Amino acid sequence: MHRPRSVRDADVGGKRVLVRSDLNVPLEDGQVADDTRIRASLPTLRDLLDRGAKHVAVCSHLGRPKGPDPAFAIAPVAARLDELLPDNRLEVLENTRFDQGETANDPETARRLAEGRDIFVNDAFGSAHRAHASTEGVAHVLPAYAGLLLEQELEMLGRLLGDVERPFVLVAGGAKVDDKLGVLKNLGARADAVLVGGKMAEQLRDENPLPYDADLPSDVVAAAAFEPDAESRVTPYDVLPDGWLGLDIGPATRELFGERIRAARTVFWNGPMGVFEWPRFAEGTQAVAQAVAEADAFTVVGGGDSVRALQELGLAEHVSWVSTGGGASLELLEGKELPGVVAIPEDGA
């Protein structure tokens, strides 16, 4: 795996630094609804300021606008960052995706971002799998370094690809096998057990593209319709009433999955066990979150719903590493190199 040189080794005193952070946070009524990613960006920014950087310009995308769009203006994010780290040397640039050249990795866009700046620091692990102007292009224009968060993500996720303590248990959920097929093949083949819930489990029953048999739910919480208040009952997975849907793993599966996770020494979990957004079908995901937090193991959790479950239950601090990168985490664990990482020279280069 590519090991980029660290911002710790950069001479930043008196320098103008461009930092690519991941400030892609949810907004509600023009305010930041969840500042987790903003807080995750602080250690690198604080380090640069503490070591005497003259000016730190932070850039990030926000949402998926196709050009300038007031609904995705960076101002609320900049305001929250200023509350958390007030410093007149810190500037937040406008949403990188307001520039059409960003997603095309246009060299001219990268040059404009680099103009008047001395050093580039990429700290946006969540966007490192995208070859965009602000993540990959600018690293070829300025001396480039990995930020502290990016460095930590690579270290923690990289541990799963090395010699792990066993038993090693991989827990996967969500709607589509295709989204996680690479991880299930690459990482799952190294695991001692692969536990699969959610819609993915049904897909694997119909057609298993994996080179091994995963552990699938023996029972489900079934619903008469895809509605939060639908009539529901627990049933074996193979005797669903006609027209009913399995919207969560059942109690027997929760117990089995929990036992396997608690007995593990290494755990990676990505994806909910059911329709986690609806409280009546959230118990399976919550049971997995509880088991991961209780395991005496090296535990890594990625993916929005899995992380949200941990946070809502107050369990995030009981997990070894909570990854900020959804797609980036999966691609790294598939064994792929990430463009935003490879663009940074390695240590000693």
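Partly exposed describes a residue whose relative accessible area lies between the limits for buried, under 20%, and exposed, over 50%, taken with a 1.4 Å probe on protein chains only. By that scale Lys336 is partly exposed, with a relative accessible area of 41%. This is a predicted model, in which local features need pLDDT of at least 70 and side-chain atom pairs count only at pLDDT 80 or more, while totals for chains, interfaces and linings use all residues. Residues are numbered from 1 along each chain as its sequence is written, and side-chain values use heavy atoms, with hydrogens and water left out.

**Salt bridges**

A salt bridge here is a side-chain nitrogen of Lys or Arg within 4 Å of a carboxyl oxygen of Asp or Glu, and the structure holds 20 of them. Side chains of opposite charge can pair when their charged atoms come close. Three of these pairs are set out below.

| Pair | N to O distance |
|---|---|
| Asp47 and Arg51 | 3.0 Å |
| Glu231 and Arg233 | 3.7 Å |
| Lys336 and Glu334 | 3.4 Å |

Glu334, the partner of Lys336, is partly exposed at 24% relative accessibility. Arg51 counts as partly exposed at 29%, and Arg233 is partly exposed at 41%. Salt bridges also link Asp35, Arg39, Arg80 and Glu83 in a network.

**Pockets**

On a 1 Å grid over the protein atoms alone, a pocket is an open set of points with protein on both sides within 12 Å along at least five of seven lines, a cavity is a set where a 1.4 Å probe fits but cannot get out, and lining residues have an atom within 4 Å of a point. Points are joined across faces, edges and corners, and a volume is the space filled by probe spheres set on them. Helices (H or I, at least four residues) and strands (E, at least two) are DSSP runs, numbered from the N terminus.

The largest pocket has a volume of about 1,300 Å³, and among its 45 lining residues Asp22, Arg37, Ser323, Thr324 and Gly325 lie nearest its centre. Helix α1 supplies the largest share of this lining, seven residues. The second largest pocket has a volume of about 810 Å³, and of its 38 lining residues Gly174, Ala175, Lys176, Gly198 and Lys199 lie nearest the centre. Here the largest share, six residues, comes from α6.

When Ala, Val, Leu, Ile, Met, Phe, Trp, Tyr, Cys and Pro count as nonpolar, Asp, Glu, Lys and Arg as charged, and the others, Gly among them, as polar, the lining of the largest pocket divides into 14 nonpolar, 20 polar and 11 charged residues. That of the second largest pocket divides into 16 nonpolar, 12 polar and 10 charged.

**Cavities**

A search of the whole structure finds two cavities of 30 Å³ or more. About 50 Å³ of space lies in the largest cavity, whose lining includes Asp22, Arg37 and Thr324. Helix α1 (residues 36-50) gives the most to this lining, with three residues. The second largest cavity has a volume of about 30 Å³, and its lining has seven nonpolar, one polar and one charged residues.

**Leu256**

Leu256 belongs to helix α7 (residues 251-262) and is partly exposed at 38% relative accessibility. Leu256 and Leu195 are 61 residues apart in sequence, and their C-alpha atoms are 9.6 Å apart in space.
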